2 protein chains.
Amino acid sequence: MTEHNIFFKPFNRKIVVHDKENLLRAAMEAGIHINASCGGEGVCGKCRVIIEKGDVEDGITEKLDKNDIEQGYRLACRSIVRSDLVVQIPVESSVDESVLNIQSTPRVTARMQKIDFEDLKEKGLFVPPVEKIYMELPEPDAQDHLPDVTRLVSYLYQYHKEHGLVVDLSVIRKVPDIFRQKGFKITVTLVRPINEKSKTHIINIQSGDTTDYNYAVALDIGTTTITGKLIDLFTGKSLAEYSDFNSQISYGEDVITRIMYAEKPGGLKKLHSVVVKTINKIIKNIVDGSGIDIDHISTITIAGNTVMTQLLLMVNPTYIRRSPYVPASTLYPQINASDIGLHLGDHVTALVYPVISSYVGGDIVAGVMGSGMYRTDKLTLLIDIGTNAEIVLGNKDWLACAACSAGPAFEGGGIEFGMRAAKGAIEDFSIDPVTFEPMNITIDGVRPKGICGSGLIIMVASMFELGIINNIGKFDRDLDTLRIRERNGVYEYVLAWKEETQIDRDVVLTEIDIENFIRAKGAIYSGCQTLCEEVGVLFSDVKQIFLAGRFGSYVDLEKAMVVGLIPEIEPDKIIYIGNGSLLGAEMSSLTNRIRRDVVEVTKKMTNFELSETPSYMDKYMAALFLPHTDIDVFPKVKARLEFRNRKKNHV
Amino acid sequence: MTEHNIFFKPFNRKIVVHDKENLLRAAMEAGIHINASCGGEGVCGKCRVIIEKGDVEDGITEKLDKNDIEQGYRLACRSIVRSDLVVQIPVESSVDESVLNIQSTPRVTARMQKIDFEDLKEKGLFVPPVEKIYMELPEPDAQDHLPDVTRLVSYLYQYHKEHGLVVDLSVIRKVPDIFRQKGFKITVTLVRPINEKSKTHIINIQSGDTTDYNYAVALDIGTTTITGKLIDLFTGKSLAEYSDFNSQISYGEDVITRIMYAEKPGGLKKLHSVVVKTINKIIKNIVDGSGIDIDHISTITIAGNTVMTQLLLMVNPTYIRRSPYVPASTLYPQINASDIGLHLGDHVTALVYPVISSYVGGDIVAGVMGSGMYRTDKLTLLIDIGTNAEIVLGNKDWLACAACSAGPAFEGGGIEFGMRAAKGAIEDFSIDPVTFEPMNITIDGVRPKGICGSGLIIMVASMFELGIINNIGKFDRDLDTLRIRERNGVYEYVLAWKEETQIDRDVVLTEIDIENFIRAKGAIYSGCQTLCEEVGVLFSDVKQIFLAGRFGSYVDLEKAMVVGLIPEIEPDKIIYIGNGSLLGAEMSSLTNRIRRDVVEVTKKMTNFELSETPSYMDKYMAALFLPHTDIDVFPKVKARLEFRNRKKNHV
């Protein structure tokens, strides 16, 4: 892939980017602040830069006059990098060395762990749980009256060493006609058992040779968002992905209000049917989008938290919210997708990820499986931040987990302009240390309409680093900027003025938002601390952190440490696994090994109820500061803050 | 049970009967002919007898005047035996010794094989496939958050050594609430696997201790009749039985016309739904009749011929009637009863008996299993006569089977007044050798409306023995009786005049009926001959015959040999097993051994297609006589006929 060098003046920072990178994003990546309120749609016209060398595509809007253009001015947010560049950032305030040093820092994002399909193949692990076999059966005649299914089973035994097969009734119903459509040339679909003691099922039969067409769906059912992915089991490739809001949202934002709704007459059935409706919409979307024949989908793997799982399967969730918080089951049997109302062929088996406890669900188990955490020697901490946050600590020998009452701040809950990571969400941010003007980068580069999880972390961290908010999240009341103001008795920072947004309202970050954020991050950090203490390890023993969550793109790790969300650790030991739940569901589709191992993993995983762990509350209270009451547990953050404060005082 | 001696004059025959036996039936049993057209309802008034000693209940109708009654006259068909009796039969024609000797013979019926429950228990075989276990689980608390199902499974493992359990989703759905209804005191229902390699399923859970209430349904789906039986799995007793016509009859009398209907658009679904409707009616009837709670039924075992099985399961039967006549499958998986529309709890598992070939179905396999034929050392011939006839030959080491194209004569098909064994069917018969007046005994002693299988055999045999019909089934045109007449060019015998019937028409037996009967019995006999020849045994090697079928009460064995339906064998080697299909279904409910063994049995059973066996047609043609072209294969019948003919010529 073509790469380009960009040199930013007057900061003298160099960065290497891929061809066609957006120039505003490149600047952010390099830690260069450029005023940009409108998220990248070219509306505010503030992100003017001068291209001194090299060339960009676009970058010109009516915000630039002829004269500007001739001088080399472009709008960074609309500029596409196509060559090496030297870019001059016009600094409107007087800038000296000191200011440059308190500029926002270059992004430090985690390595992204993706499925390494070639590696899987090499290790012989590319063995999907569903397999297709093509056969040309001899036709019956006067001497050979073998019943159709008996013929099938005996040939599978004779030529493919398949024995102890279970043939589902739905297959038996198809066999007689399918056999005779193409002269007893048929393809059977087998589902491998999840343990050695169980049997292989024949779940489908098709006429002719269809072995090239074998697909799986991986599905993550989040409280807020549901994501589906279509996977080609022949090539191992992902063909389509689609997300949508979980329609259950209309019946309650979080799992507790959903359970309360499910307790009403007809409520459980209603919640079941609306989530199924959403899933069917997603399935339709990924099938239509990839142009495959839906009849060739053989399996769907579903991961969700405990409440989502029980609602999907129509299992009364009421006892999940009542002490002592007991879920219905750990394991769920393999079921027929159509039995729960999914619009998939009646042969499609649905595998539902097992759960650990009422608040550590199948999404977390999927993350543990998909990330490979359960197979590693290294002591690993998995932090999955979704509508709530769950943590897992351990390695291949042992695993401990806990749910943190973090709440949905990272998915937008309790944040006035909070939103999930979707088009128009501010996902990256910096702030001018002198003018306090913002640089907003939104998902898909459109005008902002809200703030997603990763944006929120960066905002709070940046403002805290620059002293715009203090260590309990309160704005400095004395700063000279219109952006910080009081409204209805609450201080807030205006991220984008209403004319720059999609929603015709100012997009702001309030002190209440920050308070909620601090509570959320405090719950996660103190949860990690408590879990370590309970199993008798130190933070410093942790060899790697897997960060999972749907908060848009990658989290800035340094910022996450600045706010005290995650313990201080070398950034290269942090691996972002994205949507862990979806990752696990996808891995289960590709290799039956995961489905076999998961039962053992659930047995191995010890659940800790933080609310019943006496030391937890103290740890939580101590974590309600930026980064922490005890700044010494964040030595690097402490050092950097001290350095910056010294610099700042010089300005 | 009290018994009484009856002495019949002037025939000097003695018989011992149970208290409350009907006197007409007692006479028939003893081989005494009494004119009786009306089947036992006292309408014809012909069965007048004089009670010389002892006493009967009833027996008096307006057909007897005061004088008659004083002289001791009673109507035999209305008389209930309550003491030892001396009964004088008024013989209206002149009677000498010779006539007495050609009177009808005493009934020789086969031993009836019933389920010997105590024997089953003693042998340790009373192990129903479904079992209930009561448990008092510890309640979860702050220290013990085990998920409900995990709690259940681990306690079953710990205290009942149950492992590898599969918990169905329907059970998981019930668990949370059921656990908490009676403080974690619960009863689980387990279904044992049909083989060692498979797993035990938890199919139901109920609150409190319900171990005393565990029921099974055994169901025989015949082409004509469906019978259901409710079985108490705690005591082993049968609680209720109910039969009804298979409503599919409206769509075709036999399996071929049903298949043709199934080939029409929507036809298969229609036939499926109407048979399910009949079954549901039967289930309702036996449940209501026994007063049990339907939720305590745990399993249903279903046996039917191949076409009935495929129609029930909605598997296209079209290839069954097309060469080379291949059924869809031998084995069917255990399914959920509610999945095929049965009105039983959603936990109820349905076990469908495996089939052998297109024309040897699950009903026959059930007969082989239920009769114990598959476990015996003795070479056994099983003849099952239903809408068609199937035969099985073999023992515990090998089994061979064949379907005979007998047609439905024994269930009333092709017989003008033919009917199944139901109220009003003539099931026993004799004929006066001099006056040719009939003695009809009907099921439930009501006025006749037709002839069932056992009645038909006895009629043809009796008439043949007395020379009223010849060995090709034609009536003697010269006999002096109004009962034999020509109608529309066909000779017939009037069994009952219309005023004596329920249907306001004469009930007759025509030469066409007899022709059809001869074809049916010929097909069965020649089928048995062919099967023996194919496997290389002689009729005389056969150590016992199991006779199965729904033809009302028991068949008169001697008469069955007289017509050449079954080979000549000592009557005590013939065992009547009744409805073999229902017997097998019932046995499967009581002992899982049967369900385990049946898979092996189906593998062992060799099917012969008679239509493709060259020697069959010759044998069939030779069997189209009474009893057979070669009378020497029926030496005893031959001897008796010769003796009777000599006697008759003396009269």
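Buried, in what follows, means under 20% relative accessible area, exposed means over 50%, and partly exposed is in between, with a 1.4 Å probe and protein chains only. By that cut-off, buried residues make up 60% of the 651 residues in chain A.

Some conventions before I go on. This is a predicted model, in which local features need pLDDT of at least 70 and side-chain atom pairs count only at pLDDT 80 or more, while totals for chains, interfaces and linings use all residues. Residues are numbered from 1 along each chain as its sequence is written, chains are lettered from A and ligands numbered from 1 in the order in which they are written, and side-chain values use heavy atoms, with hydrogens and water left out.

Chain A as a whole, then. Chain A has 17 helices and 30 strands; these are DSSP runs numbered from the N terminus, helices being H or I with at least four residues and strands E with at least two. Its radius of gyration is 27 Å, close to the 26 Å that the globule rule gives for 651 residues, so chain A is as compact as a globular protein of that length. The radius is taken over C-alpha atoms, and the rule is 2.2 Å times the number of residues to the power 0.38. The C-alpha trace of chain A spans about 100 × 65 × 50 Å along its principal axes.

Contact means heavy atoms within 4.5 Å. Of the contacts in chain A with a separation of 6 or more, 69% are between residues 24 or more positions apart. Chain A exposes about 24900 Å², and carbon and sulfur atoms supply 49% of that area. The areas come from the Shrake-Rupley method with a 1.4 Å probe, and for residues only the protein chains shown count as cover.

How is chain A superposed on chain B? A rotation of 180 degrees with 0.0 Å of shift along its axis does it, at an RMSD of 0.1 Å. The two copies are thus related as by a two-fold rotation axis. Both copies use the same surface: 100% of the contact residues of chain A recur in chain B. The superposition is by least squares on the C-alpha atoms of residues with pLDDT of at least 70 in both copies.

Next, the aromatic rings. Over all chains the structure holds 18 aromatic pairs. The rings of A:Tyr616 and A:Tyr620 have centres 6.2 Å apart and planes at 15 degrees, so this pair is stacked. To pair, rings of Phe, Tyr and Trp (its six-membered ring) need centres within 6.5 Å; planes under 30 degrees apart count as stacked, over 60 as edge-to-face and the rest as tilted. Both tyrosines lie in helix H16 (residues 616-622) of chain A, four residues apart, about one turn of the helix. A:Tyr616 counts as buried at 7% relative accessibility, and A:Tyr620 is buried at 15%. Elsewhere, A:Tyr525, A:Phe539 and A:Phe634 form one aromatic cluster.

Helix H16 also holds A:Lys619. Is that lysine buried or exposed? A:Lys619 is buried, with a relative accessible area of 14%. Leaving out residues up to four places away in sequence, A:Lys619 touches A:Ser526, A:Gln529, A:Thr530 and A:Glu533.

Now charges over rings. The charged end of A:Arg420 sits over the ring of A:Phe245, 4.1 Å from its centre, and B:Arg477 lies over the face of B:Tyr491, at 3.8 Å from the ring centre. The criterion is NZ of Lys or CZ of Arg within 6 Å of the ring centre and within 35 degrees of the ring normal.

Another buried residue is A:Ile34, at 4% relative accessible area. A:Ile34 is in the loop between helix H1 (23-30) and strand S3 (48-53) of chain A. Its contacts, not counting residues up to four places away in sequence, include A:Leu24, A:Val49, A:Pro438 and A:Met439.

Last, the backbone. The peptide bond from A:Lys9 to A:Pro10 is cis, with omega near 0 degrees, and A:Pro10 lies in the loop between strands S1 (3-9) and S2 (13-18) of chain A. A cis peptide bond also joins A:Ser323 and A:Pro324. A:Asp444 has phi near 70 degrees, a positive value in a residue other than glycine, and is exposed, with a relative accessible area of 56%.
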